[in-house]
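Colleague: I am new to this structure. Could we go through what sits inside it, one question at a time?

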Amino acid sequence: MATPSPAIPPAAPTIPLTDETRAAYEDLNTKIEAAIEATADAALLAALNASQQDVDDILTKDTQYRLHANTAQFAALLKQINQTNDGLKTLQDEIGATASHIAAAGAVIGAIGKVLTLVPGI
């Protein structure tokens with residue numbers, strides 16, 4: 001299964017997240033949840049659960065930043081984005097290698113690709 005080629009992202013992430021980027025993370029979260037419900041592969045399930053928690057953390061921290069907009073939250077969100085996106089790259093590779101185990105793999109990989117094209121530094 002071929003992975004989508006990411007477009008050249010902007011130079012730095014926009015914090016708080018742009019509406020498009022936030023929507024991409026929310027869509028990814030939904031697709032990961034569907035993949036979790038559709039798989040019985042224990043290793044893939046563990047990876048999906050970990051990535052879903054990371055994505056949830058980004059959305060929560062983005063919401064907190066929007067409410068409080070302080071420097072410490074900015075740094076925490078930026079760090080979480082970078083760590084989560086590194087994990088998402090790994091998950092994308094794992095799903096690509098085990099795509100035959102879940103029917104939703106293409107949807108999750110596509111959603112990951114969208115997020116990774118919208119967030120710089122990837």
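**Inside the predicted model**

Colleague: Is aspartate 62 buried or exposed, and what is its relative accessible area?
Modeller: In this predicted model, a residue counts as buried under 20% relative accessible area. Aspartate 62 falls under that cut-off and is therefore buried, with a relative accessible area of 0%.

Colleague: Which residues is aspartate 62 in contact with, leaving aside neighbours within four places in sequence?
Modeller: Aspartate 62 lies in helix α2. With its neighbours within four places in sequence left aside, its contacts are Pro16, Leu17, Arg22 and Leu77.

Colleague: What does leucine 48 touch, not counting residues up to four places away in sequence?
Modeller: Not counting residues up to four places away in sequence, leucine 48 touches Ile32, Ala35, Ile36, Thr39, Leu91 and Ile95.

Colleague: What covers the buried residues of α4?
Modeller: Helix α4 has 14 residues and reaches 20 Å from its first C-alpha to its last, close to the 20 Å expected. Its buried residues include Ala105, Val108, Ile109 and Gly113. What covers the buried residues of α4 includes α1 and α3.

Terms used
Residues are numbered from 1 along each chain as its sequence is written. This is a predicted model: local features need pLDDT of at least 70, side-chain atom pairs count only at pLDDT 80 or more; totals for chains, interfaces and linings use all residues. Side-chain values use heavy atoms; hydrogens and water are left out. Contact means heavy atoms within 4.5 Å. Helices (H or I, at least four residues) and strands (E, at least two) are DSSP runs, numbered from the N terminus. The expected span of a helix is 1.5 Å times one less than its number of residues. Buried means under 20% relative accessible area, exposed over 50%, partly exposed in between (1.4 Å probe, protein chains only).
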